[in-house]
Amino acid sequence: MDVNAAVAAVAAIAGVCTGVIAMLAFRWSEREQARPTRTAQHAEAAVLPPGVDTVLSVLRSSAVVLDESDDVVKASSAAYALGLVRGGKLAVEPMLRMARDTRRDGEIRQVELDLPRRGSGRGDALAVSARVAPLGSRLVLLLVEDLTEARRIEAVRRDFVANVSHELKTPVGALSLLSEAVHDAADDPEAVTRFAGRMQTEANRLTSLVQELIDLSRVQNDDPLEDSEAVGVDELVEEAVDRCRHSAATKQITLASGGTEGLHVWGNRGQLAAALGNLVENAVNYSPARTRVGIAGRRVAAPGGDLIEIAVTDQGIGISPADKERIFERFYRVDPARSRATGGTGLGLAIVKHVAASHGGEVTVWSAEGQGSTFTLRLPEAGSAREKAEADRRSRRRLSGALRRPADFEDEDGDETFTTDDQLSAPEVLP
């Protein structure tokens, strides 16, 4: 009896202890759930001010928001693409130092940096402009603008201006000197005649240079498909041959045309004629006397529609592998002495490249030194190019109709107009 009472007492005490422990555990659990964790505290501290997230999403610049621990709170996709953010941290040390300095004194800072291009084995750098400003009391905003393309365009512009200045200076200086020579030789009719002939040559060179500068500006700025039409390849070849017939006859060069007849391309007749004419003229200028220049067209199959190839082949001096990489640059000459002797400006192939690219095609070259060269102008055939252009127009009209606003899409007479670009746009394809 005493044993049973002792066992009952022990069981009662154990039950009471278990209940107390369970109650304490329940109270502790509730208290822990109510208490904010470090993660929650960090998230609360890292909340962006109202509207900032929306503003950052529409900015063209790469945006990064840092908290007081230099952790990334918000980063745009462009920031990741540029390699600014890695593993939740700002990966560019100079920008991180700027952010810390701004957090300390509240001053807005801006700097331009050259960063290594992410994922590129090349030695070129990424030019960026970084601006850091405080965002509230705890956060710092970093805006990064990619200046690489702007700097490249600026360098091209400077080179172009320098080249144009140099090219214009040569004939203008020659005309000035020759005019002085004519003045000094006023009593020598033979000398006057000789100097006048030289002046005429330099004046013609100056005229050609100015005209080709105008042509290059036009093909770069105008939309060739705005006044597009089906252009016969046979007509383009005939016009190019007529343009160079006199210079070819002077050097006893045979101009031979052939290939498939009845081909048509879709585009601007004037620009296409100028491009093919430049190719034939180059072939004649760089070919020795009593040789042959051939022009031939053919149709080739391609996944996006048939293409028309117009090849111009010469038996000239040829082009070295190093020069082939640069012959389509403005003012670049394979043989400067020969170019000046023939009146070349160094802009002809640059015009050809831009005309081909704006028409959705390309120009390529095969050449071997001492064996001649073949330049191939490859353009979409008239049918496929026209169908693609019309399909593009219909697609744009449908998109415009879906997003139309009466103020933008109706003129005074109530007729529909379209503010979107209605023309076929083609990416530039470098040779």
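**Helices and sheets in a predicted model**

Visitor: Which residues of α8 and α9 meet?

Guide: In α8 they are E235, L236, V237, E239, A240, R243, C244, S247 and A248, and in α9 R269, L272, A273, A274, L276, G277, N278, V280, E281 and V284. Contact means heavy atoms within 4.5 Å. The model is predicted, so local features need pLDDT of at least 70 and side-chain atom pairs count only at pLDDT 80 or more, while totals for chains, interfaces and linings use all residues. Residues are numbered from 1 along each chain as its sequence is written, and side-chain values use heavy atoms, with hydrogens and water left out.

Visitor: What classes of residue make up the contact of α8 with α9?

Guide: The contact of α8 with α9 has 11 nonpolar, 3 polar and 5 charged residues. Ala, Val, Leu, Ile, Met, Phe, Trp, Tyr, Cys and Pro count as nonpolar, Asp, Glu, Lys and Arg as charged, and the others, Gly among them, as polar.

Visitor: Why is α8 called oblique to α9?

Guide: The axes of α8 (residues 233-250) and α9 (residues 269-285) cross at roughly 40° and come within 8 Å. That angle makes α8 oblique to α9, as angles under 35 degrees count as roughly parallel, over 145 as roughly antiparallel, 65 to 115 as roughly perpendicular and the rest as oblique. Axes are lines fitted to C-alpha atoms, for helices over the stretch in contact, and angles run from 0 to 180 degrees between N-to-C directions. Helices (H or I, at least four residues) and strands (E, at least two) are DSSP runs, numbered from the N terminus.

Visitor: Is the crossing of α8 and α9 left-handed or right-handed, and what decides that?

Guide: The crossing of α8 and α9 is right-handed. A crossing is left-handed if the near helix is turned anticlockwise from the far one by less than a right angle, and right-handed if clockwise.

Visitor: What makes α9 and α12 oblique to each other?

Guide: The axes of α9 and α12 (residues 348-358) cross at roughly 140° and come within 9 Å. α9 and α12 are therefore oblique to each other. α9 passes α12 in a left-handed crossing. The contact of α9 with α12 has 7 nonpolar, 5 polar and no charged residues.

Visitor: How do you know that β11 and β12 pair?

Guide: Two strands pair if DSSP finds at least two bridges between them. β11 (residues 292-300) and β12 (residues 307-313) have 7 bridges, in the antiparallel sense. I295 stands opposite V312 in β12.

Visitor: What makes β9 and β13 edge strands?

Guide: The open sheet of 5 strands has the order β9-β11-β12-β14-β13, with mixed pairing. β9 (254-259) and β13 (362-368) each pair on one side only. Helix α8 lies across β9, β11 and β12, at about 170° to β9.

Visitor: Which strands form the open sheet with antiparallel pairing?

Guide: That sheet has 5 strands in the order β2-β1-β7-β6-β5. Its edge strands are β2 (72-75) and β5 (109-116). The twist averages 25° from one strand to the next. Strands β1 (residues 62-66) and β7 (residues 139-146) are joined by 5 bridges, and S62 has V144 in β7 as its bridge partner.

Visitor: Where does pLDDT stay under 50?

Guide: pLDDT is the predictor's confidence in each residue, from 0 to 100. The pLDDT stays under 50 over residues 32-45, and over residues 402-431 the pLDDT is below 50. The protein's mean pLDDT is 75, and 71% of its residues reach 70 or more.
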